[in-house]
Amino acid sequence: MDGTTAPPPRAGPASVADATGVFMVAVTILAFFLPLLLIFPPFPPSQRDALLETHVQVGVAPAKSALHDANRKRADAAKNAEKEPNKETANTTTNTTASKTTKTTIRSLWIYPIKSCRGIELRQSKVLATGLEYDRLYTLAQRESSPGSAAASSAAGTDHGGSPDWHFITQRQFPLLATVSVDLFVPDVVKARGHPSTASAQPFLLVRFPWRAPGLRGAVAWLAAKFTRGWSAQPEMEFVLPVAFPEDPEAAAERGYRRATVKIWRDVVEALDVSTELPPELGQYLGVSGPLALLRVDPARLRAVRRCAPSADAAGYQPVTGFQDAYPLHLLNLTSVWDFEAKIDKDDDLRELDPRRFRANIIVDGGETPYDEETWKKIRFLPAPGSTRTPSTFHVSCRTVRCKLPNVDQDTGLRHKAEPDRALRKYREVDEGAPHKGCMGMQMTPLFPGASSSTNPEDLESWVEVGMPVEVLERGEHRYIPI
């Protein structure tokens with residue numbers, strides 16, 4: 001032995017061939033099975049998949065939103081503000097002699113089937129006495145805890161023998177409601193042919209919210225989200241709600257539904273408690289410490305609208321609303337939004353003002369004068385060229401007095417510490433009936449030509465669609481009457 005270390009044995013041709021073979025087999029397996037995994041993921045079908053067997057989803061995809069095209073308007077408003085930084089827009093003077101003809105058209109339509117949850121953008125919608133079809137059918141609620149609730153019930157003109165069972169909640173208390181998605185599915189006649197059932201003929205809501213369960217179950221949900229909805233997707237929990245109000249009391253009772261009272265501002269109304277449909281995880285996600293309820297508006301227990309709205313004699317029917325705050329519809333003018341946005345102090349948490357923060361039903365655009373809508377008293381949306389629709393008429397009842405809800409980012413559910421509430425109070429305190437409050441948008445009541453006291457409220461309907469121009473029928477002053 002000379003003390004030297006022998007070199008390690010070199011891999012022979014057979015060893016190299018074996019490694020190459022194993023590699024080629026692995027590549028072949030991946031090339032064959034990976035596309036199959038992407039096309040047919042090894043996960044159970046979601047409730048969305050089940051609904052798509054017989055239904056079609058309604059709404060405009062976020063990437064195709066009509067609000068994306070409005071960025072040019074925002075840029076123009078910002079440039080004008082830079083040219084005249086000290087100029088205040090004259091927004092408190094009513095021009096009652098202005099022309100009926102405007103360049104304003106409907107830019108976007110929105111419904112919010114569950115109050116304060118994420119909305120659905122539409123291109124057209126049926127208008128009912130209660131507002132846009134499918135709007136604010138449900139509300140989430142928590143236990144009434146404020147003192148004096150019995151007095152409030154009496155003041156609302158409704159006596160339920162004491163405090164209401166529930167009190168509605170919104171993004172004001174629970175901003176993460178903005179991240180609870182609601183999708184609308186309506187029956188597809190062609191798809192439903194092979195699935196004869198009562199369910200295939202009914203519309204449904206699919207409710208989704210971010211949620212990852214602990215342990216293995218959560219890991220599987222995470223993988224399922226990546227495989228089925230893309231690498232950026234996060235796991236969600238989902239549940240389905242019926243759109244139609246149950247007509248069979250016995251069937252409703254079998255599902256655990258019961259009658260309950262809910263307080264909407266000062267009104268106390270009877271509704272249907274369908275909380276058995278709620279997964280308990282939703283309350284945990286939102287941060288609700290006590291019981292969380294879900295209530296469905298009862299078409300036979302609607303709230304009468306009287307403040308600022310036309311009387312029953314003037315409208316031909318008694319104006320009503322469901323789970324909306326106070327009026328059936330809310331209109332927003334983008335020309336006004338962009339003018340107001342230029343006055344807000346921006347920061348990293350608020351780089352631009354998303355009009356979705358104001359949660360309007362009808363968003364219009366195209367006018368040259370900001371806040372012109374505040375002079376409207378009665379308007380009519382005319383059919384767009386080539387449309388088969390008939391005109392749709394509305395009473396413009398009052399300004400929308402804003403709370404702090406617009407401070408919530410509608411994508412993230414994060415609440416800004418000050419804006420736009422601070423700017424609204426500073427620049428948009430324009431209504432004598434709402435001192436120290438900011439205003440943005442208008443509340444509206446639908447009008448139906450030919451309506452009378454003998455008309456069945458369910459027969460009152462019209463249509464609105466994107467592109468309809470606005471005709472101003474009457475102009476005048478507005479003064480808000482507080483709740």
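**Buried residues, sheets and cores of the predicted model**

Cys308, with a relative accessibility of 17%, counts as buried, where buried denotes under 20% relative accessible area, exposed over 50% and partly exposed the range in between, computed with a 1.4 Å probe on protein chains only. The model is predicted, and for this reason local features need pLDDT of at least 70 and side-chain atom pairs count only at pLDDT 80 or more, while totals for chains, interfaces and linings use all residues. Residues are numbered from 1 along each chain as its sequence is written, and side-chain values use heavy atoms, with hydrogens and water left out.

Cys308 is found in the loop between strand E14 (303-304) and helix H9 (312-315); helices (H or I, at least four residues) and strands (E, at least two) are DSSP runs numbered from the N terminus. Although Cys308 is not a glycine, its phi is positive, at about 70°. A positive phi also occurs at Arg359, likewise a residue other than glycine, where the value is near 55°. Arg359 lies in the loop between helix H10 (334-341) and strand E17 (362-365), and counts as buried because its relative accessibility is 7%. A further backbone feature is the cis peptide bond that joins Glu419 and Pro420, with omega about 5°; Pro420 is found in the loop between strand E19 (392-401) and helix H11 (421-427). Most residues other than glycine have a negative phi, and most peptide bonds are trans.

With a disulfide taken as a pair of cysteine sulfur atoms within 2.5 Å, the count comes to zero disulfides. Cys398 is in no disulfide, and the nearest cysteine sulfur, that of Cys308, is 4.5 Å away. The sulfur of Cys439 is 8.8 Å from the closest cysteine sulfur, which belongs to Cys398, and this is too far for a bond. Cys398 is buried at 1% relative accessibility, and Cys439 is buried with a relative accessible area of 0%.

Two sheets were examined, with strands regarded as paired if DSSP finds at least two bridges between them. Five strands make up a closed barrel in the order E6-E7-E11-E12-E13, and their pairing is mixed. Neighbouring strands of this sheet are turned by 50° against each other on average, direction ignored; the axes are lines fitted to C-alpha atoms, for helices over the stretch in contact, and angles run from 0 to 180 degrees between N-to-C directions. Strand E6 (residues 138-143) and strand E13 (residues 292-296) run antiparallel and are joined by five bridges, in which Thr139 has Leu295 as its partner and Ala141 has Ala293. E13 also pairs in the antiparallel sense with strand E12 (residues 267-273), over two bridges, and here Leu272 stands opposite Arg296. Five of the five residues of E13 are buried, and both of its faces are covered, with Leu292, Leu294 and Arg296 on one side and Ala293 and Leu295 on the other.

Three further strands form an open sheet with antiparallel pairing, in the order E5-E4-E21. Strand E5 (131-132) and strand E21 (461-465) stand at its edges and have a single partner strand each, so one side of each is left without a neighbour in the sheet. Strand E4 (residues 124-128) runs antiparallel to E21 and is joined to it by five bridges, with Ser125 standing opposite Val464.

Helix H10 is largely enclosed by the rest of the structure, because eight of its eight residues are buried; these are Leu334, Thr335, Ser336, Val337, Trp338, Asp339, Phe340 and Glu341. At the start of H10, a side-chain oxygen of Asn333 reaches to within 3.1 Å of the backbone nitrogen of Thr335.

Nonpolar cores were defined as sets of buried Ala, Val, Leu, Ile, Met, Phe, Trp, Tyr and Cys residues joined through side-chain atoms within 4.5 Å. The largest such core has 54 residues, and those with the most contacts inside it are Leu140, Ile362, Ile379 and Phe381. With contact meaning heavy atoms within 4.5 Å, and not counting residues up to four places away in sequence, Phe381 touches Ile106, Leu331, Ile362, Val364, Pro391, Ser392, Phe394, Met444, Val464, Met468, Pro469 and Val470. Apart from this core lies another, of 19 residues, among them Leu334, Trp338, Leu350 and Tyr371. In soluble globular proteins, nonpolar side chains tend to be buried together.

Note on methods:
A polar contact is a pair of N or O atoms within 3.5 Å; within protein, one must be able to donate a hydrogen and the other to accept it, and residues adjacent in sequence count only if both atoms are side-chain atoms.
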